[in-house]
Amino acid sequence: MTRTALRHRLAERGVDRQLWLLVPGLACVLALFVYPFAYGIGLSFQPSEGGFLGAYRTFFADAYQRDTIATTLGLALPAAILNVAASVPIAYRMRGRFRGKRLLTTVLVVPITLGTVLTAEGLLNYLGPAGWFNRALMSIGLIDDPIRLTNNYWGVFFSLVITGFPFAFLLILSYLSGIDPTLERAAATLGAGWWQRFQRITLPLLAPGLATTFCLTFVLAFSVFPSAVLVGDPAGETRVISIAAYHAAYEVYDYPLGSAIAVVMGVVELAVVAIVLGLRSLLYTGSTGGKG
Amino acid sequence: MTAFQELRLDGVGRRFGGRDALSGLSLTIRQGEFIALLGPSGCGKSTALNCLAGLLPLSEGSIWQDGARLDTLPPERRGFGMVFQNYALFPHLSVRKNISFGLQMQRVPRDEVKRRTDEAIRLVRLEDHAGKLPGQLSGGQQQRVAIARAVVLEPSLVLMDEPLSNLDAKLRLEMRTEIRRLHQTLGLTTVYVTHDQEEALSLADRLVVLRDGRVEQTGTPQELHERPANRHVADFMGYRNLLPMRVKAVHGSTVAVDGSGMTLEGTPVGKFAAGDEVVAGIRPEDLHIGVHGVPVTVEVVEYQGRELAVEARTADGVALHIMAGERPASGDSITVSADPARVLVFPGGVA
Amino acid sequence: MTTTLDRPAPARRKIVASPASWIVWGAVVFFLVNLAGVIGSVVVNSIGTRWFDTWLPESFTTRWYASAWTEFGLFDVLVVTLEVAILVVGISVLVGVPASYVLARRSFPGRRLVYLLFLLPILMPPITYGIPLATVLYKYGFAGHLAGVVLANLVPSIPFVILTMTPFIEQIDPAVERAARMCGANTRQVFVRILAPLLVPGILAASILVLVRTVGMFELTFLTAGPDSQTLVVALYYSMSAAGIRAQQSVDAMAVLYTSSMLVLLVIALRFVNPTQLVARVKEDPT
């Protein structure tokens, strides 16, 4: 009788046998994500020299290593902001139905399939000194000598825009189509012009979605690795933190330092995400009146 | 399914996170009976139905079917049928396959599945739509599929959870008759949940009125309609005028009450002494416009076909709902009165 | 789409639009032109012979594709890629769908924590957990083989399946499951006869998206793959960063092959899911 009573009490709080369905998924995440992460954190505190915090001290004491944080943020933040900021007006224009919308969204998905390597190849070819972009600018007389757009900051930045913009655009478009269009019509009947409608009605409802989109785009840009090597300047201007981590772990075989850099990377990234999500929680996040 | 003689709910209760959604429901359902569970939303009527179905485990109490304990069985082994509020048809299966699903679960031989499915389709008159998917049907047709799916198994008990609430007014009346007809022709035992008192009164042999998870009153439609046990049941049974008053005097079988700017004679429900706070309940149709009685001023007049619904106000500003035969105009002064037998006096104050 | 008759058609947009919309459309066109340039230059390079300092190569050829095939052992790489992708998709669907069912349907103590746990692998850059994960996988001898690559790729894939499936599961009315139980179906029958058929589109969508992600996943595969367990992206990266050894054109040929196969997959995926529907659960066509 007490066992059935206990079962009742647990079932009342939502605990019963169906929860076993969660176990395989949880086991995978625990074994393949949480445990290695914890292991990595543990490893980062056991460097071969320098004591408990030695690996972190090594990282922060060396300007060449330390500056990778600023380099990465210097790439990822502007890229994410540009991707989100450019997506909003475009998605706002396109939120209604029009012919070819599906085609356009499909075309915008293409860059997601490109993969880092094709994007890198393409940027090297297209933006290179003899590439089509420079040729076009020169032939219309805007410049006299080719401008250098690859193997530096801009090459990486463009590759982040190419992969990040379509992603941000699709997310924002979906958030926008989730806002009931009659709300704007209602505002119009109350005498609001299009800017007032956008600013007072649509934007506040969209803001939480913008925050989420920014986070996801930022994560994408923050993890930049292959393109920083291929179209960037991996020893200088675009030595991002993932290159530092990879270098430490797989070229110097200093696993504690590699883990420490990975931890620093995670902390910096989560800090930015936490700030944005913290701001988001201050906003209205309820229903946007859409169907669904 | 084997029919039962009686199904007994014994102190059935259900808690959600420490809050009683239903408590102490005791009820005996006899074979062939049509029982309606009636109450406002959140009163526990759907909880009661789901507990009976086995879709929700009980927190307390037990359910017995002719002496065999039922509440420990999972829903699929109780042998009940159920009609859901939004029909819950399987969207990927045709009408025919929806109806035969339960027979297939019971591993009924194939030719019998076909025969019984055909019969059920004919019963709900959907012969022309048997091959369609639920999405291609109208609301009323979907409702009939849901009913056919529930009765094709010849269940010992059919549970219906507000089956008519998603239909428009005209269709609702038609389906109401249809449900009663099926109940009678198939000899089903039915438990029916609704918040619509008219539906409950017209369909059920017996009503159970629930409020805040507790039974307020159980009885035949006539008993509840004429003798509501308290003002909450009265409110539900169409006593739209519930006026807070005070007992002036008790004379034998009637009491005189005053307050809200008027004095009335009424029939007490319970024992009262002079000075008690009470609530007087009167149906709009029991207030008559005449020469003597309470003077009121007409405010709003609604045309309702044969009759007019009038909202009037007493000198003290208390609103009265009246049914009138002919049209008084807004702003008119009239006097209304009621037969003391039709004025029910309930205990007042906080309850 | 069939029942939209009663909806008034949206007013046709004016052809002469405001300056704002010219700017917006101009930005889109600029982006698309440059995108076409990026892709086009790779495609042209992959079929060109000598191309220096001119608009187009001197002549065209298909031999880079042939040489990519032989030089890189492309067949083996493709087989590995396919093996990894199929294993990852299969396992993550089997593990992810039941978990997403529980997360979509049930509330239980600690649900938010579990949800966060499933969200984290998607929120973190792959390098951050890839390095410690690779270290652990090397310690237990998985890394350097197919098993290691598959295990590493499961980390973002399982949460991805869960997130993709959740809206699909939420679309199914829970009363349908209860109705099946009232018809006498037990838990297994409810899953097999009712839920599985209703979830097929969702499972297909999730599978193809995971496939695309896994084939495209560079970091995790790069960190855990050995010489004979490289997928296409990793092989591409190595051949590209070892510049000078291989002809650039044949790297381009390989990249074009890679992208076109990804594109085919994605176009198939888009037949099942609207890309704008993945985050907000909005039905674009009211039914």
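Helices (H or I, at least four residues) and strands (E, at least two) are taken here as DSSP runs, numbered from the N terminus. The model is a predicted one, in which local features need pLDDT of at least 70 and side-chain atom pairs count only at pLDDT 80 or more, while totals for chains, interfaces and linings use all residues. Residues are numbered from 1 along each chain as its sequence is written, and chains are lettered from A and ligands numbered from 1 in the order in which they are written.

The C-alpha trace of chain A spans about 90 × 70 × 30 Å along its principal axes. The radius of gyration, taken over C-alpha atoms, is 24 Å for chain A, whereas a compact globule of 292 residues would have one near 19 Å; the globule rule is 2.2 Å times the number of residues to the power 0.38. A residue is called buried if 20 or more other C-beta atoms lie within 10 Å of its own, exposed if 12 or fewer, and partly exposed in between, with C-beta atoms placed from the backbone. By this count, 46% of the 292 residues of chain A are buried. Two residues are in contact if their C-beta atoms, placed from the backbone, lie within 7 Å. Of the contacts in chain A between residues at least 6 apart in sequence, 76% join residues at least 24 apart.

Chain A also meets chain C. The contacts involve 80 residues of chain A and 78 residues of chain C. On the side of chain A that touches chain C, helix α5 (residues 101–127) of chain A gives the most, with 18 residues. That side of chain A divides into 49 nonpolar, 24 polar and 7 charged residues. In this grouping, Ala, Val, Leu, Ile, Met, Phe, Trp, Tyr, Cys and Pro count as nonpolar, Asp, Glu, Lys and Arg as charged, and the others, Gly among them, as polar.

In chain B, attention turns to a barrel. Strands of a sheet pair through backbone hydrogen bonds, either parallel or antiparallel. Two strands are treated as paired if DSSP finds at least two bridges between them. Chain B holds a closed barrel of 5 strands, running β11-β12-β13-β20-β14 with mixed pairing. Neighbouring strands of this sheet are turned by 55° against each other on average, direction ignored; the axes behind this angle are lines fitted to C-alpha atoms, for helices over the stretch in contact, and angles run from 0 to 180 degrees between N-to-C directions.

The pairings can be followed strand by strand. Strand β11 (residues 241–251) and strand β12 (residues 254–259) of chain B are antiparallel over 5 bridges. Here B:Arg246 has B:Asp258 as its bridge partner, and B:Ala249 stands opposite B:Ala256. The two strands form a hairpin with 2 residues between them, and B:Gly252 in the turn has a positive phi of about 55°. On its other pairing, β12(B) joins strand β13 (residues 262–268) of chain B, in the antiparallel sense over 5 bridges. B:Val255 is placed opposite B:Gly266, and B:Val257 is bridged to B:Leu264. The hairpin of β12(B) and β13(B) has 2 residues between the strands, and B:Ser260 takes a positive phi near 50° there. β13(B) pairs with strand β20 (residues 344–347) of chain B in the parallel sense over 2 bridges, with B:Val345 as the bridge partner of B:Pro268.

Some individual residues of chain B complete the picture. B:Arg144, in helix α4 (residues 139–151) of chain B, counts as buried because it has 24 C-beta neighbours inside 10 Å. Apart from neighbours within four places in sequence, B:Arg144 is in contact with B:Val124 and B:Leu126. B:Met175 is 31 residues from B:Arg144 along the chain, and their C-alpha atoms are separated by 8.4 Å. In the loop between α4 and β7 (157–161) of chain B lies B:Glu154, a residue other than glycine with a positive phi near 50°. B:Glu154 is partly exposed because 16 other C-beta atoms lie within 10 Å. B:Asp212, in the loop between β9 (206–211) and β10 (214–219) of chain B, has a positive phi near 50° and is likewise a residue other than glycine. With 15 C-beta neighbours inside 10 Å, B:Asp212 counts as partly exposed.
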